[in-house]
Amino acid sequence: MISLEWVKDYIDLTGEDLKELAVKITKAGINVESVITKHIDNLVIGEVKECTKHPNSDHLHICKVDIGSSVTQIVCGAPNVREGIKVIVALPGCILPGNNEIKAGKIRGEESNGMICALFELGAEEKTDENYAKGIEEVKSDLKPGDDANIYLGYDDTLYELDVHKHRNNDCYYHIGFAYEIASILNKKVKLPDSSYKEIKDNVNDFIKLTVDTPKCPFYTAKMVRDVTIKESPDFIKKRLISAGMRPINNVVDISNYVMLEYGQPLHFFDKDKLGDKILVRDAKDNEEIITLDGNKRVLKSSDIVITDGVKPVCIAGVMGGENTDVDLNTKNILIESAIFDSVSIRYTAASLNLKSEASIRYGKGLNYEYTLKAIDRACHLLEKYADAKILSGIVMHDKVDKTPKVVSFTPSDINSLLGITLTKKDVETELNRLDFEYKLDKDTFTVTIPKRRLDVDPNINDIAEEIGRLYGYHNLVSTLPKVETRRGVYVGDVKIRKLTSKRLRALGLNETKTYTLISSEMASKFRYDNKEQVKLPNPMSMDKSVVRTSIIPSLINVYEYNKARNINDILLYEIAKTYDKDYNEDMKVSILMEGNYIINNWNNTKIKCDFYTIKGIVENLLKYLGFNNRYTFEKDSIPDMHPGISAVIKVDREPIGIIGRVHPSLKKDDIYVSELSLTKLYEKQVKPIKFKEASKYPDIKRDLAFLVKKDMTAENIINQIKKSGGRLLSDVEVFDVYEGEKIKDDLKSIALSLTFSDTTKTLSDEEVTKVFENIISDVETKLNAKVRNGE
Amino acid sequence: MKEKIDLLCSEIESKINSVSTKKELNDLKVEYLGKKGIITELQSGIKDAVDKKEYGSEVNRARTTFNDNYDKKNAEIELEELNKKLESENIDISLPALDIPVGSPNILENIIEEVEEVFMSMGYDVVDGPEIEEDKYNFELLNIPKGHPARDAQDTFYIEDENILLRSQTSPVQAREMLKAGGDKPIRMICPGKTYRRDADDATHSHQFMQIEGLLVDKNISLSDLKGTFDVIAKKLFGENCETRFRPSYYQFTEPSVETDISCFVCKGKGCSLCKNTGWITVSGAGMVHPNVLKNCGYDPKVWSGFALGFGAERLAMLKYGINDIRTFYQTDLRESKAFDRRDV
């Protein structure tokens, strides 16, 4: 929260519309979320010069009111209006709370050019009968007619609530820093506050000995003051602290906060008499204890920084002071600390102690040493002025801070080519002056030294271009396209097989899902068919998102249940996602789930129910589409969480690439079929380009036959044998019937097949086909222990 | 003879004309052409004829007349029968059709493909990288060293100390691609993908979400080029009337950084609840690639420049399709996703 009334101490804002200024600031990159003000326009102090009764009313008066620029007539109904009093006048155009706009007009025939106001009409008091009876406000103050009545009401401040990006929440969260930002936008200059004071002869170095024994404190300064009077702060300090959301306590504590809000530098005040004559800044010891000034015991870690009196901690550096050295009502002598601590360490300590304070937040963002010094002087100035302090000469200092100036050289054309605009040398000079960035100009080359207060600006051309660009205004950018070679982009690497798989499965009727990579350990314990060790998050957010999945199937089952619970039938799903094992090996998988009907038209009984052969058809279709025709096999296997009789491993080129089958009925009683394939493994395999194969110009010959085989004989075995024995002329084998039952022995089944013979070079003769056909029969019978089944 | 045949022919014509069924027609065939049929008998009388040639041709005339009339009548009857049959086959075409199974895309994938299409048309390749990532790629190379406050904001899922993590952004893919390209080739790529941050899931937060991030590295690339590129994308996604603006912003790996807004497509800039009465909607963050990032990834910032821009897929989809709850994308309610199996305009 930034008080504009406060900012005005450092920059002249006379005549600025603060709402418009907020818009300008936002455009330049600091987002003013809201402008908070009770300010009322056209509200002035007036003095009643004449007061006569209204001829047409028994309670109204006609007043001649001096409003500074003129004397105007206003009709007023308040009982206490009378000659000689000062009042608050709302002039025409003034909008009072409740959206009540004041207009010039006539009241019962008499001209009235405004309204004399009661406090409740201005929102300064509640509208009660009592307040109503008080009538208009009688102003008792030095304000003169025509003066802004907002000052009288305390309505003169405007607050900006800021939403600042991380990099600027250092300098834009204190008033002087924000004044510089406004200065660059309005092209004005900043005036720093008075930090002068008198010093007494005694030197602080004779009263305190400083040792810094940690690299986490690059800069430590301290000054000492004597004989302070603890009392209430002056009004302006109290008012400003309240506007910043801080509670005034007493003049000394308030001054330390006030300076922090001015310069962004937190200060710590020790009661010098309680502290003693030593300061040792060091890393805390593990389990070292301190009672902080809020009365709580804190247990520290070696990663924290402490200020000690040489023996015991007296302050958790940058976070909170200790009770043992705090300033109280009896304090007389103070040691002022103004220091810089390692920002990462402070953030870590504040977080681990759960002690986020105004100070720790500021230390955590980083500080600049110039303001560390300015702040301590400003504090001395205010303590002298408002707490009667006597300031000792000298300063205690530990200085290991890197003071290398940030310098960057560039030409206007460097900026122009980065932004795509055309600034002249003069333009760049103007912008740098606005920013108050020091520069030297040598021909076309600018050499800029970045001010210390801008911790966010690094010495490179991009940073300078950003500063210039945001002031120049991005709305001034023209749109161009990069001058680069034209070509169409492509899907690179495994992205392409993912896209192809996705499109194909959609075409085959499956709906794409997207679920979470992180799953519960319960889900993660299912479908561990590839025996991969899983990644478990060491510090999960919740137990239901604690394991990186190795299979998508459990997630698909969740989606299935979600839909089933909403009475959706015929659920066909797929998902493609990356999975990872314990060694972070990536395996992109596609997972399929099918339940219910694949095709359905209820009223005329068209129905294809999802069974093993449906999902197998989907998988085969996909594998063929991806170019693996004749390279895959389905091998029966028992797979965890799958029906032991209805599950198989899918292999391509004899390498297992996935699984298929029915979900184990003890896991889900519904007839759910799932399959999962490794797209990563498929992607790694070579696929041959498409080749044209001419269809035979000569007629095919078809022969049907059936074999009686043992029940455990697979169709695949028979077909493979037939293909082997059929040779070149056999072009297709198809199963058209499988029979088990009364007509044949219990342990046998009959498989009926249709064989197609063709020759691309000539018409086939019956004899040729018969010869091959008989060869097939005898091979199958002898090699597979089968019997050809005759017609009966 | 001729008169006799003339008479016979007109008798055939009138008899065939008067029948109406196939059976009557076939009875006539037997009467005239059967074993003892009239024409058959006439034929056998040829042996007693004086002028055998004339006799033969006259009998043939009678036969032809019969056959022609027979065929004609036969066709008439068949057509009539077919018409009758078809009339009885009338169906109710209003009954429901067969539901051809074609699946729907996930809503996020739908928007991502649309964005990919726009970028690919401008020469950007679509690449992806690992979701379990090294700190180096996710943060360090991107100008976010250890201890940097930007890390606190991106509450990251760490897996192994502070070295292995679930990527909190897709930007590490940019670092990987730049390093792969070796510092001497121009780059145009986008990397849509899953990202993870420690956010509790609710209507507007998701611990898993998708970013679409584009990167261009070349010579003489300017912020104006980024503006022009963003204009093309905004118009393709949100219509030709879409206007754009840049606002200064901050990201660790770009400098200068901007937030990119589009004019509100609901109120056309007048102000509404979607744009919070500003007339503008923020859709992405972007900027010129930070010289440190170029340097870290092997590109000399004195020679090369580039820009990066990133969209949140969820936000784009929520805006474009009017979705209010981010969990929608990860639930897959089939009643909702079905609408996305169609071309979009």
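Residues are numbered from 1 along each chain as its sequence is written, and chains are lettered from A in the order in which they are written. Because the model is predicted, local features need pLDDT of at least 70 and side-chain atom pairs count only at pLDDT 80 or more, while totals for chains, interfaces and linings use all residues.

Start with the domains, whose bounds come from an automatic or database domain assignment. Chain A is assigned domain 1 (2-38 + 157-186), domain 2 (43-153), domain 3 (199-399), domain 4 (406-472), domain 5 (494-684) and domain 6 (701-788). The C-alpha centres of its domains 3 and 4 are 37 Å apart. Chain B is assigned domain 1 (2-88) and domain 2 (107-340). Here the C-alpha centres lie 89 Å apart.

Next, the contact between the chains. Two residues are in contact if their C-beta atoms, placed from the backbone, lie within 7 Å. Chain A supplies 69 residues and chain B supplies 71 residues. On the side of chain B, helix H9 (residues 223-238) gives the most, with 7 residues. Helices (H or I, at least four residues) and strands (E, at least two) are DSSP runs, numbered from the N terminus. The side of chain B that touches chain A holds 35 nonpolar, 19 polar and 17 charged residues. In this count Ala, Val, Leu, Ile, Met, Phe, Trp, Tyr, Cys and Pro are nonpolar, Asp, Glu, Lys and Arg are charged, and the others, Gly among them, are polar.

Now the interior. A residue is buried if 20 or more other C-beta atoms lie within 10 Å of its own, exposed if 12 or fewer, and partly exposed in between, with C-beta atoms placed from the backbone. A nonpolar core is a set of buried Ala, Val, Leu, Ile, Met, Phe, Trp, Tyr and Cys residues joined through C-beta atoms within 7 Å. The largest has 83 residues, of which A:Ile415, B:Phe307 and B:Ala313 touch the most other members. Another core lies apart from it, with 82 residues, including A:Leu159 and A:Phe270.

Turn to helix H1 (residues 2-18) of chain B. Its 17 residues reach 24 Å from first C-alpha to last, close to the 24 Å expected at 1.5 Å a residue. The expected span is 1.5 Å times one less than the number of residues. B:Leu8, B:Ile12 and B:Ile16 are its buried residues. They sit on the same side of H1(B), because they cover an arc of only 60 degrees around the axis. That arc is taken over the directions from the helix axis to the C-beta atoms. An α-helix has 3.6 residues a turn, so residues three or four places apart point the same way. The buried residues pack against helix H2 (22-33) and helix H4 (52-88) of chain B. The face turned away carries exposed residues, among them B:Glu3, B:Ser10 and B:Asn17.

Helix H15 (residues 494-507) of chain A also has a buried face. A:Val495, A:Thr501, A:Ser502 and A:Leu505 are buried. Just after H15(A), A:Gly509 takes a positive phi of about 100 degrees.

Finally, A:Asn31 is in strand S2 (residues 31-37) of chain A. A:Asn31 counts as buried because it has 20 C-beta neighbours inside 10 Å. Beyond four places in sequence, A:Asn31 is in contact with A:Thr26, A:Leu162, A:Asp163 and A:Val164.
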